[in-house]
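Have the structure open while you read.

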Amino acid sequence: MVAEPSVVLIVGGAAGIGKAAAEDRLKKGDKVVFTDINEAVGKQLMEQWQAQGYSATFIQQNVTSWTDTEKVAAKTIDMYGRIDILIVSAGVTSQQRLEDITYKQWCFTLDVNLTGLFYSLKAVIPEMIRNGGGNIVIVGSGSAITGSGGGIHYATSKGGAFGLMRAVADQFSDQGIHINLVAPRVIATEMLDVLYPTEEAREELRQKIPIKQLGTLEDTTNAINFLASEASRYMQAQVMLIDGGRTYLT
Ligand SMILES: NC(=O)c1ccc[n+]([C@@H]2O[C@H](COP(=O)([O-])OP(=O)(O)OC[C@H]3O[C@@H](n4cnc5c(N)ncnc54)[C@H](O)[C@@H]3O)[C@@H](O)[C@H]2O)c1
């Protein structure tokens with residue numbers, strides 16, 4: 001029996017981890033709605049993927065806007081009648097010390113990384129429950145555990161994501177909401193280039209990782225797919241580190 005394609009909503013799908021997850025899902029035959037604040041890249045990817053015969057829809061969204069987020073959930077339901085999988089990957093980072101972080105920068109990071117996540121969960125979970133449940137994978141960060149790798153505002157926002165996930169699980173675990181979080185560290189994406197802009201800096205970083213390799217987008221996609229599937233049904237409200245051993249081994 002051929003499995004029915006899943007309806008997958010990916011928030012922050014125009015680059016990095018979200019884009020890789022979108023591409024992988026399309027290749028598996030799923031119906032993918034992906035969003036991003038970057039309209040130009042999102043539209044270009046949609047055209048490219050549609051031309052390859054894939055079921056890809058891009059919707060421009062600023063995750064800090066509740067109106068945008070409600071619209072994304074409503075449009076996805078209009079198109080497909082359900083959302084089986086939600087992956088929230090949109091995020092921002094900047095490497096700054098406490099004394100240099102302005103109130104504006106603090107609010108911006110918290111708004112995108114934490115309020116944006118709250119809005120996505122608030123918009124999508126009721127729709128999932130109406131359809132008997134769904135799988136949610138949050139892209140968090142190991143920074144929430146170590147405090148390093150992106151500044152105090154970033155680690156705080158990612159720590160908030162852990163609590164938010166657990167509170168959501170506390171409320172909805174008995175209503176078919178399967179929710180977990182992947183916590184990548186040092187995955188080679190544009191975000192990593194922001195923090196480690198030179199090859200020298202990246203090599204220095206590589207040497208600090210126990211397995212001496214940076215993570216790849218395939219590593220994150222594999223973990224996301226596992227957490228979004230029935231194979232992980234008995235894992236709930238968990239943090240899965242994708243870190244080459246960096247967090248617990250020194
Ligand atoms: N790359 C890593 O090593 C790493 C490590 C830990 C955690 N993460 C987390 O993984 C997630 C994805 O990171 P990435 O490495 O793919 O980064 P990326 O910069 O390549 O992609 C992030 C995407 O989010 C989008 N985005 C930013 N602000 C937005 C907004 N307001 N509304 C909608 N979209 C917005 C960007 O346009 C971009 O397409 C982030 O939440 C990040 O914190 C990444």
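Is Ala-144 buried, partly exposed or exposed? Ala-144 counts as partly exposed because its relative accessible area is 25%; buried means under 20%, exposed over 50%, and partly exposed in between, with a 1.4 Å probe and protein chains only. Ala-144 is found in helix α5, residues 143-146 (helices are DSSP runs of H or I with at least four residues, numbered from the N terminus). Its C-alpha atom is 8.3 Å from that of Tyr-154, ten residues along the chain.

A word on the ground rules: this is a predicted model, where local features need pLDDT of at least 70 and side-chain atom pairs count only at pLDDT 80 or more, while totals for chains, interfaces and linings use all residues. Residues are numbered from 1 along each chain as its sequence is written, and side-chain values use heavy atoms, leaving out hydrogens and water.

Now the ligand. It has 25 residues around it, with Tyr-154 among the closest, alongside Ile-17, Asp-36, Ile-187 and Thr-189 (a residue is near if one of its heavy atoms lies within 4 Å). Here are some polar contacts, meaning pairs of N or O atoms within 3.5 Å:

| Residue | Residue part | Ligand atom | Distance |
|---|---|---|---|
| Asn-62 | side chain | nitrogen | 2.9 Å |
| Ser-89 | backbone | oxygen | 3.1 Å |
| Ile-187 | backbone | oxygen | 2.8 Å |

Taken alone, the ligand exposes 830 Å², and the protein buries 91% of that (Shrake-Rupley areas, 1.4 Å probe). Elements giving two or more residues to the shell are α1 (16-27), α6 (152-172) and α7 (190-195).

Definitions and conventions
A polar contact is a pair of N or O atoms within 3.5 Å; within protein, one must be able to donate a hydrogen and the other to accept it, and residues adjacent in sequence count only if both atoms are side-chain atoms.
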